[in-house]
Amino acid sequence: MTPTEAFMVVMVVGMTCGIPLLGLTLRFSLKPLVEAYIRLREAQIASHQVQVLNQRVAYLERELELLRLTERTASSSLQLSAPEHLAVPSKERV
């Protein structure tokens with residue numbers, strides 16, 4: 001066997017056995033890192049969504065408070081503009 005043939009045999013055996021083993025090794029070594037990165041991204045997205053929801057709730061609370069204030073002022077202005085002693089008497093049938 002010539003040195004070239006021996007080198008080719010080693011290369012072919014190395015490629016047929018080494019590449020799949022290298023792939024499996026990389027897969028098992030990188031899997032925890034990729035999963036940790038995915039969880040980190042999900043946590044960042046979730047925290048952003050929580051911030052958006054907090055802003056929406058704060059906005060709705062402000063709107064509700066404004067609605068309550070306008071309701072109070074409207075009811076108090078109605079009471080001031082229509083006192084009870086000026087109430088219209090009911091018509092009686094004769």
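**Reading the labels on a predicted helix**

User: Why is Thr70 called partly exposed?

Analyst: Thr70 has a relative accessibility of 44%, and since buried means under 20% relative accessible area and exposed over 50%, with partly exposed in between (1.4 Å probe, protein chains only), Thr70 counts as partly exposed. This is a predicted model, in which local features need pLDDT of at least 70 and side-chain atom pairs count only at pLDDT 80 or more, while totals for chains, interfaces and linings use all residues. Residues are numbered from 1 along each chain as its sequence is written, and side-chain values use heavy atoms, with hydrogens and water left out.

User: Why does Ile38 count as partly exposed?

Analyst: Ile38 has 43% relative accessibility, so the label partly exposed applies to Ile38 as well. Ile38 is placed in helix 1, which covers residues 3–81, and Thr70 also lies in helix 1.

User: What makes a run of residues a helix, and how many helices does the protein have?

Analyst: Helices are DSSP runs of H or I with at least four residues, strands are runs of E with at least two, and both are numbered from the N terminus; the protein has 1 helix and 0 strands.

User: What does the side chain of Thr70 reach?

Analyst: The side chain of Thr70 reaches the backbone oxygen of Leu67 at 2.8 Å.

User: How much of the protein counts as buried?

Analyst: Of its 94 residues, 0% count as buried.

Conventions: A polar contact is a pair of N or O atoms within 3.5 Å; within protein, one must be able to donate a hydrogen and the other to accept it, and residues adjacent in sequence count only if both atoms are side-chain atoms.
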